[in-house]
Amino acid sequence: MMMQPNPAGRPAPVPGEAPLLSVDNLCVSIRVDDRSVNIVDGVSFSIRRGERVALVGESGSGKSVTARALMRLERRMKATGSIVCDGRDILKLSDGEMRRVRGGTIGMVFQDPMSFLDPLRTIGDQIAETLRIRGVSRRDAERKALHILDELKVERAAERLTAYPHEFSGGMRQRVVLAMALIGDPRLLIADEPTTALDVRVQDQVLALLDEISRSRGLSVLFITHDLGIVAGFADRVMVMYAGSVVEDGDVYSTFAAPRHPYTRGLLDAVPRIDRDSDRLASIRGTPPHVFARPQGCPFHPRCDRAFERCVIERPVLRELGGMRVACHRPEPEAAR
Amino acid sequence: MSRARSYLWFFAKRLGTVVFALWSLGSLVFLMIKVIPGDEAQIAAGPDASPDQVALVRQRLGLDASVIVQYFRFWGRLLHGDLGTSITTFQPVLLDLERTLPSTLELVVVAMLINLSVSIPAGLIAAARRGGRTDGLFRVLAVILGGMPAFWLALMLQYLLAARYRLLPISGQNSYGMEPPRWTGVPTLDAIAAGNMASLLDALTYIVLPAAVLAVLYSTQIFRALRTSLLGVLESDFIMAVRAKGATERRVLIGHAFPNSINPVLTLAGTQLGAMIGAAVLVETVFARRGIGTYMFNAVAQKDMYAVLGSVLFIGAIVCLINLVVDVLQIVVDPRIRAAQFGRS
Amino acid sequence: MSLAPAIRMRTPRVKISFQGACVSLLIALLVFAALFGPMLAPEAIYRSDILSSLQPPSAAHWLGTDDQGRDVLWRVIVGTRTTLLSAIAIVTAYSLIGVAVATIAASGPRWLDEALMRVTDVGLSLPSMIVALGFAAALGPSLQSAIIAQSITGWPITARILRNVMHQTMEAPFVAGAHVIGVSRWRLMTRHVLPNSLDVLIVKWTSDIGGTVLILSSLSFIGVGAQPPSTEWGAMIAGARGYVSTAWWTVLAPGIALAITSVAFGLLGDMIQAWRDPSLRESR
């Protein structure tokens, strides 16, 4: 069956409006024994206001490092290129200016809420801290914290403020982490695998909450995950990362219906689906390359069924292809199957 | 097991360990008495004692009985607080020790205060500037100072600061005529109790150098432990989350990393307290403070064996008790250790 | 993202650091002084020459002379052998006790392990220097007494560390595997567990030399160890103590020798540890 993307189903792009975030040729490198290794290798993308973008990839693909580089949180790594957020280049800000961006313009939610909370501080303290840093009085900050927890549907929020992280369940902790990110009223929320450490039922709750909040606040969201199942229901757009670069970037409907990059297709084929009749689950052969041993040419070629000589020699660049961006010398046909 | 019962069980076990330790200590001292070459009664009575006196001591100590009987009698005397009689002061050893203990404790407490107030800021600064010049300098200093023999450092500083440049008094505990009325035996406390500021200042000038010398080795240990602990905590996820809120490095370090790093440091400081009492012996003798160390030093010089071994027993017992108190305090004060001790099992 | 495996895959380059060079040089100097010092020293340092006593540092006597008119520098050099040999004897002796206790605890039945560890706990909770002081005083003040006293009081930390390492090795999969194919307990201990603990033991042995030198000299200083005519550094300081305000150099030199020795061996221990355990290298 042929499935055409439905343009009415996603928000219409606003022509002429500058994107909230635009990343251009971002490279993040780490020094190991006097040589420098690019973990993120020339990534470019942009996010519009109110847009929700999923960044998908296996572990080691550089997606988390990309996310942290947006906040300049990887202190041992060096980032080059440009990251323009709300009109300012993040990589050129002074440390003081950068601190105002963290928790202000950009909020961040992390993977494992337990390890990302200070075990010795109360929940209320930690949520309010974002505001306290900005000189808000204790009373006002705590009132705001209470308000946020209410918004996140935490029951008996007032009592919860004085509790410690270990007294909370996983889902509750993730709401606390979310509250910490939201209290500074950010324009962009970066969520680094926010549901990975949670069990499935709680995952759904947190996702629904994130969906609701981002809609009502008009938040842009960069959602990092390795779980394609989550992407479909939540994001407007999906970017696929492999070995440090973006290999495919397109709206969710088109990408899921007809992925153009063999890697994306492989990922999608590996997702179990009840609507498709097959008795075995496809998986991509081989394993993703280690950061220090990325192959020449197209980094995916050793695992790719469609690879030919050019893939071994020349690294494909991300190019426009029927409304999407794909980095492949021999993309999948437009109308899949 | 209920929480209350597991507490009780914990304290009982600790107490059992201490009783076992004290019994071992006493037995070791009994062994020491037995390995002393020569006639035990002669040693106890002193080299200048007349044959009559030696015979009297022999009878009092029951040295004619078998070793096992002697061992039980030894414990009987210990439990009555009889550590023998000093052949130089002609006083019961326990009484001498009780008089000298306050001075030693004062030295150790002041040294501990100096220790922490130097090593903790140094550790914080080094961790904040990890890999930098200040960090490097502090680490080199810690290595060098940590290798210096305390008694030698005491002698050299005494010579430089007191004898040569006369910044501080050379030795003793008070200037002549400045002694506060004896109440606790601790010069600084007695001065405070007497409300005598001049006397307090005077006592402080006497204690600052010995205490600083005693603190040196231990503060290098605390510095290293704190630095390592801080560097570990600074790598943890929640620190990144705090930075993501826009916190300054100062806030990250003092507000979040430090409270989460202090635990191993406090444990170390607890064990140091005991070790410092042992090391105080060395420092005291140099500065002629009227503490257990000086008493012991003189006893060694006079071959006053009962005074020496009595001091060993006394210091050992005090260290054991301090270790017990520190252990228990940690459980009472820190909810995290409590959780770790009683939450999991 | 974990970078550690790839780092370990690369062959470690032998990179001599400044610190490593300094430590090696110091250790070489100490060993040289211990081996050849007594042979090279002039006869005069064993005789007293009251006429030239307490002379300040000069071209003839680089670090001055002591109260008996003996050259301080030569005495310190000669003392290296006494001090180092004593420390090595002490650490070796108590390491052997520690190995024995740890081996019996780790391989014996549970109750024995428990009992030995309780005894070790007691050993750890007592102030070892004070107990050593008591023993040395009881045996009669001399260098030998101090060596014996420290040998019988120094073992608990070594025993505790080794026993823990042995326990860990015995839990390791390859040991469990060897057990399954019928390797005897004794063979397991001697062929697998002990060699695995050797690394830890060597590091501990080396770093302990420094601390032991300090305690040994402390005992001499208190008066229960080596006695003043001895060239053991602590005894030298004890003997020179009364002259510190008139002849500071008599105290200075042996103290610096002590500090150098304890620092050098401590750092050597750290270096060996870093060399044997690559994971530590990154954290420094």
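What pattern does chain B follow, read along the sequence? The answer is α-α-α-α-α-α-α-α-α-α-α-α-α-α. The model shown in these views is predicted.

**View 1. Chain B is built from 14 helices and zero strands.** Along the sequence, chain B reads α-α-α-α-α-α-α-α-α-α-α-α-α-α. The C-alpha trace of chain B spans about 85 × 65 × 40 Å along its principal axes. Chain B has 345 residues, and 41% of them count as buried. Among contacts in chain B with a separation of 6 or more, 69% join residues 24 or more positions apart.

**View 2. Chain B meets chain C through 41 residues from chain B and 38 residues from chain C.** On the chain B side, six stretches each supply at least two residues: helix 1 (3-35), helix 6 (133-146), helix 7 (150-164), helix 11 (249-287), helix 12 (292-301) and helix 13 (305-333). Helix 1 of chain B gives the largest share, ten residues. By class, the side of chain B that touches chain C holds 34 nonpolar residues, seven polar and no charged.

**View 3. Helix 3 and helix 6 of chain C pack with their axes 8 Å apart.** Helix 3 covers residues 72-107 of chain C, and helix 6 covers residues 143-153. The angle between them is about 30 degrees. Angles under 35 degrees count as roughly parallel, so helix 3 of chain C and helix 6 of chain C are roughly parallel to each other. Their crossing is right-handed. Helix 3 of chain C brings C:Ser86, C:Ala89, C:Ile90, C:Ala93 and C:Tyr94 to the contact. Helix 6 of chain C brings C:Leu143, C:Ile147, C:Gln150 and C:Ser151. This contact divides into six nonpolar residues, three polar and no charged.

**View 4. Helix 4 and helix 7 of chain C pack at an angle of about 135 degrees.** Helix 4 runs over residues 110-125 of chain C, and helix 7 over residues 156-171. Their axes lie 9 Å apart. The angle makes helix 4 of chain C oblique to helix 7 of chain C. Helix 4 of chain C passes helix 7 of chain C in a left-handed crossing. From helix 4 of chain C, the contact takes C:Met117, C:Thr120, C:Gly123 and C:Leu124. From helix 7 of chain C come C:Pro156, C:Ile157, C:Ala159, C:Arg160 and C:Arg163. By class, this contact of helix 4 with helix 7 of chain C has five nonpolar, two polar and two charged residues.

View 5. Along its principal axes, the C-alpha trace of chain A spans about 65 × 50 × 40 Å. Of the 337 residues of chain A, 45% count as buried. Residues 24 or more positions apart make up 66% of the contacts in chain A with a separation of 6 or more.

Notes: Residues are numbered from 1 along each chain as its sequence is written. Chains are lettered from A and ligands numbered from 1 in the order in which they are written. This is a predicted model: local features need pLDDT of at least 70, side-chain atom pairs count only at pLDDT 80 or more; totals for chains, interfaces and linings use all residues. Axes are lines fitted to C-alpha atoms, for helices over the stretch in contact, and angles run from 0 to 180 degrees between N-to-C directions. Helices (H or I, at least four residues) and strands (E, at least two) are DSSP runs, numbered from the N terminus. Angles under 35 degrees count as roughly parallel, over 145 as roughly antiparallel, 65 to 115 as roughly perpendicular and the rest as oblique. A crossing is left-handed if the near helix is turned anticlockwise from the far one by less than a right angle, and right-handed if clockwise. Two residues are in contact if their C-beta atoms, placed from the backbone, lie within 7 Å. Ala, Val, Leu, Ile, Met, Phe, Trp, Tyr, Cys and Pro count as nonpolar, Asp, Glu, Lys and Arg as charged, and the others, Gly among them, as polar. A residue is buried if 20 or more other C-beta atoms lie within 10 Å of its own, exposed if 12 or fewer, and partly exposed in between; C-beta atoms are placed from the backbone.
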